[in-house]
Amino acid sequence: MLPADRHATISAPENMAALVASLLRGEPAALEPLTGAEAEESFLDTAAEHGVDCVLRHLLKQRGFWLMLSPTLKAALDTRARYESLLEVARRSELKRVLDGLYEHDVKTLILKGAGLAYTHYPTPYLRPCCDVDLFIRRDQLLSASARLEALGYTRMSSMSREAVHTQWMFELRRGSLCYAVDLHWAISNRPLFARMLSFDELAGGAVPVPLLGEGAATPGAVYALLFSCIHRVAHHNDSHLLIWLFDVKLLAESLTSNEWELFIDLANTKRLVAVCRETLAVTAALLGGCEEGLQRFGNLVENADVVSEASAAYLGGVGSRWRSLALDLRGAAGAAAKLRLITGHAFPDSEYMRQAYSATGPLGLAGAYVRRAATGAWRTLTSPVTRTWIAR
Amino acid sequence: MSVAFEDRVQVPADVLLSELDGEAVLLNLKTETYFGLDEIGTRMWTLATTADSIQAAYETLKNEYEVDPNQLRDDLATLLDTLLEHGLLEVRR
């Protein structure tokens, strides 16, 4: 193969992601085809898009592969690391202010996902970049938490806070070019099937403190954090293979003791998440290595008919079209009332959302916004592949 | 602005510091000025912001590094002037 062809081949995004994953696994041979400015740029873009550029730099240095990189790559990764380390200092200072503010007003919080794992499972926090902070709270503390965040200078993003279909409120604070985003969650997922799988109290029971973030700062323990990581990428992100999420899984899996693995498998079984968890571990093992113990322990469980029929398994491989997504959510919603609430929530969002999303003012503007939404929805329904197939019959 | 060696300097409230591989990165959140310091620059910055005066920091540095005292004095003054100019340090009265 000519070098130019080889270059073109590795520049394809999926191949570049595979190359980044090889390096994360500790295979320096993956660096060999990385020649030329275009390939290097594509490599850096991919590592950044997957959120692993800083952790990759750290591992390359730790494993003695750093000197194999070109000066351009080294300089670019150094710049990213400096930038992320600064951002982390800013983020930490702001997150501590938020958590202290909520704690002082008796709002109990749990830091979910990367913002917590950065302080419990990564060698240094800046290695785990986060765009936002996800805080889990009890539903009955939503209003007091919201009021507290607003008192701290945050603004609620109404257009992203539709209560009938979302289980989170999003807040932002802008300071210069820095934007701090905090999501308040009162359930672990917007998707009805997953929403109640882990309650606040269940996660709080095994939570671990995060002293760097203040007196009241806590994040779910490793078992629940791993369970949540498995759910999150499947339920929220279409079975995404984003490397930083898989790296979270790898670090969490490596940290579990034998007893914790037993608890994890037991929870996956009880909550009918065996296929989702097993698949997440398998993808992580394939791309980043590790997870052998977990996969071994799941053993033949996945062949079990009960596991194959798990409702959560339907989300593996992505939910596909918006119609299938809605159908899955309707199936996951427990009871007729919940199903009806979901349908009306999609068809007729609350007025606050409509005002913001459609820039509608006054009663007439609001009515017009609902008409526009209904017309657009009807047109989409009529022109959707599902409808066209049905008409063709 | 030129720094006086009898002055004391401090880190402004809006400045963040991050240390990475022995080097420091300073960020002024107000002006969004970003400044990297190498190992020696980081040591100068640390001493200058913790000593009773810049003169005291200079004396400590003179004992730590085998360097021409006049050269050290010039380098320290240049660094601190630059940081003051970009709002990454402020004189404490």
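**View 1. An open, three-stranded sheet in chain B of a predicted model**. The strand order is β2-β3-β4 (chain B), and the pairing is antiparallel. Strands (E, at least two residues) and helices (H or I, at least four) are DSSP runs, numbered from the N terminus. Two strands pair if DSSP finds at least two bridges between them. β2 (15–20) and β4 (33–37) of chain B stand at the edges. Each has a single partner strand, so one side of each lacks a neighbour in the sheet. On average, neighbouring strands are turned by 15° against each other, direction ignored. The angle is taken between axes, lines fitted to C-alpha atoms (for helices over the stretch in contact); angles run from 0 to 180 degrees between N-to-C directions.

**View 2. The pairing of β2(B) with β3(B)**. Six bridges join β2(B) to β3 (residues 23–28) of chain B. The two strands run antiparallel. Ser18(B) has Val25(B) as its bridge partner in β3(B).

**View 3. Where chain A meets chain B**. Chain A gives 14 residues to the contact (heavy atoms within 4.5 Å). Chain B gives twelve residues. The area buried between the chains is about 1100 Å². Buried area is the accessible area (1.4 Å probe) that two parts lose on being put together, summed over both. Carbon and sulfur atoms give 66% of it. In chain A, Arg82(A), Leu86(A) and Val89(A) lose the most area to chain B, together 49% of what that side buries.

**View 4. The largest nonpolar core**. Such a core is a set of buried Ala, Val, Leu, Ile, Met, Phe, Trp, Tyr and Cys residues joined through side-chain atoms within 4.5 Å. Buried means under 20% relative accessible area, exposed over 50%, partly exposed in between (1.4 Å probe, protein chains only). This core has 80 residues. Leu24(A), Phe43(A) and Phe264(A) have the most contacts inside it. Helix α10 (residues 222–235) of chain A supplies the largest share, eleven residues. Apart from this core lies another, of 36 residues, including Val89(A) and Trp169(A).

**View 5. Gln141(A) in its loop**. The loop runs between β2 (133–136) and α7 (142–151) of chain A. Gln141(A) is buried, with a relative accessible area of 15%. Beyond neighbours within four places in sequence, Gln141(A) contacts Asp106(A), Val107(A) and Lys108(A).

**Notes.** Residues are numbered from 1 along each chain as its sequence is written, and chains are lettered from A and ligands numbered from 1 in the order in which they are written.

Conventions. This is a predicted model: local features need pLDDT of at least 70, side-chain atom pairs count only at pLDDT 80 or more; totals for chains, interfaces and linings use all residues. Side-chain values use heavy atoms; hydrogens and water are left out.
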